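Here's a quick tour of how one chain packs together on the inside. Have the structure open and follow along.

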Amino acid sequence: MVVSDSYTSRVYTEVADDGDTLVIRVSGNFDFNMHREFQRAYRNVSPPPKAVIVDLSTTEHLDSAALGMLLLLRDYCVEVGRDGDEPRVELINANSHVSHILSVSNFDRIFSIR
C-alpha cells in the first residue's frame, strides 16, 4: 500500500482471481484529491487487463472531478485497446447517493453500471 505524506491511500487495487480483471476500490469521498492515486491504479498495470471494475461500495460521495477521472479511465482503456482488445470498464456496488449522481450525469449511457 502506498502512503503519502499527507493522508492514507483511499484507492485500493487488486487483480481478480481470473487474472484478467483489475478491481479498483475507492473509499470515502471520491474527489480531486484522489487524482494521482486513481490514475496510478490503472496506468501501472502491465499487461493491460481485459476488464477494469471500479468498486464503489465504500464510496460515500463523488464530485465532478471524480466523474472526469472515470472518463479518463475510459479514454485510457480505448487508447490501450487500439489493437482490438479494449478493456471494458464497469462501475459496481454504488450506494443510492452515488448511483443518483451517476444517473443524473448520464454515466449509465457511457459505462456498464451494476
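## Two helices side by side

In this predicted model, the axes of helices H1 and H2 come within 11 Å of each other and cross at roughly 20°. Angles under 35 degrees count as roughly parallel, so H1 is roughly parallel to H2. The crossing of these two helices is right-handed.

Want to see who does the touching? On the H1 side, look for His35, Phe38, Tyr42 and Arg43. H2 brings Met69, Leu70, Leu72, Leu73 and Tyr76 to the contact.

## The hidden side of H1

H1 spans residues 35-43, and Glu37, Phe38, Ala41 and Tyr42 in it are buried. These residues cover an arc of only 120° around the axis, which puts them on the same side of H1. As a rule, an α-helix has 3.6 residues a turn, so residues three or four places apart point the same way.

What sits over the buried residues of H1? The cover includes strands S1 (11-15), S2 (21-26), S3 (28-30) and S4, along with helix H2 (64-80).

## The core

The largest nonpolar core has 27 residues, and those that touch the most other members are Ile24, Phe30, Phe38, Val54, Leu70 and Leu102. At least two residues of this core come from each of S2, H1, S4, H2, strand S6 (88-92) and helix H3 (96-104). H2 gives the most, with seven residues.

Phe30 is worth a click. Setting aside residues up to four places away in sequence, Phe30 touches Phe38, Leu56, Thr59, His61, Leu62, Asp63, Ala66, Met69 and Leu70.

## Val54, inside S4

Val54 is part of strand S4, which runs over residues 51-55. Is Val54 buried or exposed? Buried means under 20% relative accessible area, and Val54 has 0%, so it counts as buried.

Leaving out neighbours within four places in sequence, Val54 is in contact with Ile24, Val26, Phe38, Leu70, Leu73, Glu90, Leu91 and Ile92. Another pairing to check is Val54 and Ile113: they are 59 residues apart along the chain, with 9.6 Å between their C-alpha atoms.

## Asp31, in a loop

Where does Asp31 lie? Look in the loop between S3 and H1. Asp31 has a relative accessible area of 17%, so this residue is buried. Apart from residues up to four places away in sequence, Asp31 touches Arg10, Asp63, Ala65, Ala66 and Met69.

Technical notes: Residues are numbered from 1 along each chain as its sequence is written. This is a predicted model: local features need pLDDT of at least 70, side-chain atom pairs count only at pLDDT 80 or more; totals for chains, interfaces and linings use all residues. Side-chain values use heavy atoms; hydrogens and water are left out. Helices (H or I, at least four residues) and strands (E, at least two) are DSSP runs, numbered from the N terminus. Buried means under 20% relative accessible area, exposed over 50%, partly exposed in between (1.4 Å probe, protein chains only). Contact means heavy atoms within 4.5 Å. The arc is that of the directions from the helix axis to the C-beta atoms. A nonpolar core is a set of buried Ala, Val, Leu, Ile, Met, Phe, Trp, Tyr and Cys residues joined through side-chain atoms within 4.5 Å. Axes are lines fitted to C-alpha atoms, for helices over the stretch in contact, and angles run from 0 to 180 degrees between N-to-C directions. Angles under 35 degrees count as roughly parallel, over 145 as roughly antiparallel, 65 to 115 as roughly perpendicular and the rest as oblique. A crossing is left-handed if the near helix is turned anticlockwise from the far one by less than a right angle, and right-handed if clockwise.
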